[in-house]
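The following explanation leads the reader through a structure, from a single contact site to the overall fold and on to selected local features. Please keep the sequence and the coordinates at hand while reading.

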Protein chains: 2
Amino acid sequence: MKIAKPIALLIEAFEKLPGVGPKTAQRLAFYLLHVPNSQLQEFAEALSDLKKNTKLCSVCKNVGEEDPCLICSDKARDRSIILVVEQPLDLIAFEKIGRYKGLYHCLHGSISPLDNIGPDELYVDDLIRRVKDKALKEIIIATNPTMEGEATAMYLVKKIKGENSKVKVTRLGMGIPTGADLEYADEVTLTRAIEGRREI
Amino acid sequence: MKIAKPIALLIEAFEKLPGVGPKTAQRLAFYLLHVPNSQLQEFAEALSDLKKNTKLCSVCKNVGEEDPCLICSDKARDRSIILVVEQPLDLIAFEKIGRYKGLYHCLHGSISPLDNIGPDELYVDDLIRRVKDKALKEIIIATNPTMEGEATAMYLVKKIKGENSKVKVTRLGMGIPTGADLEYADEVTLTRAIEGRREI
């Protein structure tokens, strides 16, 4: 006996999500058979409206409901500084702490030759266009501290400096995360913590 | 800054799934921003069609596309034996091995007083109605070997015997699973393996 077609289709859809294997997909699909139909319809609507009701900000490439987004159109924010992140989720992490008052730029990925992602697949050109702004003083590169994130940072520094040599380019501070155990820190993290030491 | 409404709605929908926490839900929703719109629409359709295009078999309560389901309407199957499972997924596990040729009955859960699930919330009455059939020779109870599954099995035996004392009621064989290490088997499993020993 085969699994009924409507269920099989849903299992297939779940399997396409990252981190969801065939067993989890099956479990989720069969779970949904037991939920009220209204919940199913809400879920379906949320999915089909996802792209319809969201816009990519033409300035910072963040995903939001308006264009330009609420941050880019906020007059109170410091327009002389741009923080560059890989994903919209990274931007939200910074906004949650609420200490950063500048603008953002969202690359939507990092340079990864193994996955065939070069600078052209990211919103790098849009960033370089923003760099030409004379009022701009600093760009903070906050890509992830991974191989791909570091490569992207390197590439961006070179590109930004080539376009506007007066702008200051900084990278997020690297070192021991708060609450970590020094004993278990890896070599690279320790080396960076020493390099990044500050007078107190 | 808040997450855009359409994304927040989708995160909420994902969070309602079992085993999906707030972080996973966020990751899945933002991942879906990057997939082609056609894939999103297929996913949404699979969800909204799930209940529309599936039927509960009026005989065995399995979920399928027809009523009665393909198994119940299959003339080649042995109608003198019913295997009782908790969930449609359990039924599929038995069908995959293809050795069982009788009918099924799907309870859609197990008796669990802590979750307020009693026999009335399951398809027990439908099973008892089937038990009255004179042609029926055996009922195999294949609920899970958990507290709830065992309690359900106990309850079913009493109910079935009260309705039709001639029908044989059996429980799945319990013991060491194939490939397991005796050393790590728990006490209950070992006790049941001794109780369930067979001459070779």
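Which residues does A:Ser48 touch, not counting residues up to four places away in sequence? The model under discussion is predicted, and in it the contacts of A:Ser48 are with B:Gln41 and B:Ala44. A:Ser48 itself is placed in helix α3 of chain A, which covers residues 37–52. Its relative accessibility is 12%; because buried means under 20% relative accessible area, A:Ser48 counts as buried.

In general, two copies of a chain are related by a rotation about an axis and a shift along it.

The account now turns to the fold of chain A. Chain A contains 7 helices and 6 strands. Read from the N terminus on, these elements follow the order α-α-α-β-β-β-α-β-α-β-α-β-α. The C-alpha trace of chain A spans about 65 × 45 × 35 Å along its principal axes. Its radius of gyration is 22 Å, whereas a compact globule of 200 residues would have a value near 16 Å. Of the 200 residues of chain A, 42% count as buried. Among contacts in chain A between residues at least 6 apart in sequence, 48% join residues at least 24 apart.

Several points of backbone geometry deserve attention. Where in chain A is A:Pro68 found? A:Pro68 is in the loop between β2 (63–64) and β3 (78–85) of chain A. The peptide bond that leads from A:Asp67 to A:Pro68 is cis, with omega near -5 degrees. In chain B, a cis peptide bond joins B:Asp67 and B:Pro68, with omega about 0 degrees. B:Pro68 is found in the loop between β2 (63–64) and β3 (78–85) of chain B.

Positive phi values in residues other than glycine form the next topic. For A:Lys61, a residue other than glycine, phi is positive, near 65 degrees. A:Lys61 is placed in the loop between β1 (55–56) and β2 of chain A. Is A:Lys61 buried or exposed? A:Lys61 counts as buried, because its relative accessibility is 10%. In chain B, B:Asn116 is a residue other than glycine with a positive phi, near 60 degrees. B:Asn116 lies in the loop between β4 (102–106) and α5 (124–131) of chain B. With a relative accessible area of 68%, B:Asn116 is exposed.

B:Thr170 belongs to strand β6 of chain B, residues 168–171, and is partly exposed, with a relative accessible area of 22%. Which residues does B:Thr170 touch, not counting residues up to four places away in sequence? They are B:Glu138, B:Ile139, B:Ile140 and B:Ile141. B:Thr170 and B:Asn144 are 26 residues apart in sequence, and the distance from C-alpha to C-alpha is 14 Å.

In chain A, A:Lys159 is found in helix α6, which covers residues 147–163. At 34% relative accessibility, A:Lys159 counts as partly exposed. A:Lys159 and A:Asp125 are 34 residues apart in sequence, and their C-alpha atoms are 9.5 Å apart in space.

How values were computed:
Residues numbered from 1 in each chain as written. Chains lettered and ligands numbered in written order. Predicted model: local features only at pLDDT ≥ 70, side-chain atom pairs only at ≥ 80, totals over all residues. Heavy atoms only, no water. Helix = DSSP H or I, 4+ residues; strand = E, 2+ residues; numbered from the N terminus. Rg over C-alpha atoms; globule rule 2.2 N^0.38 Å. Buried < 20%, exposed > 50% of the residue type's maximum accessible area, 1.4 Å probe, protein only. Contact = heavy atoms within 4.5 Å.
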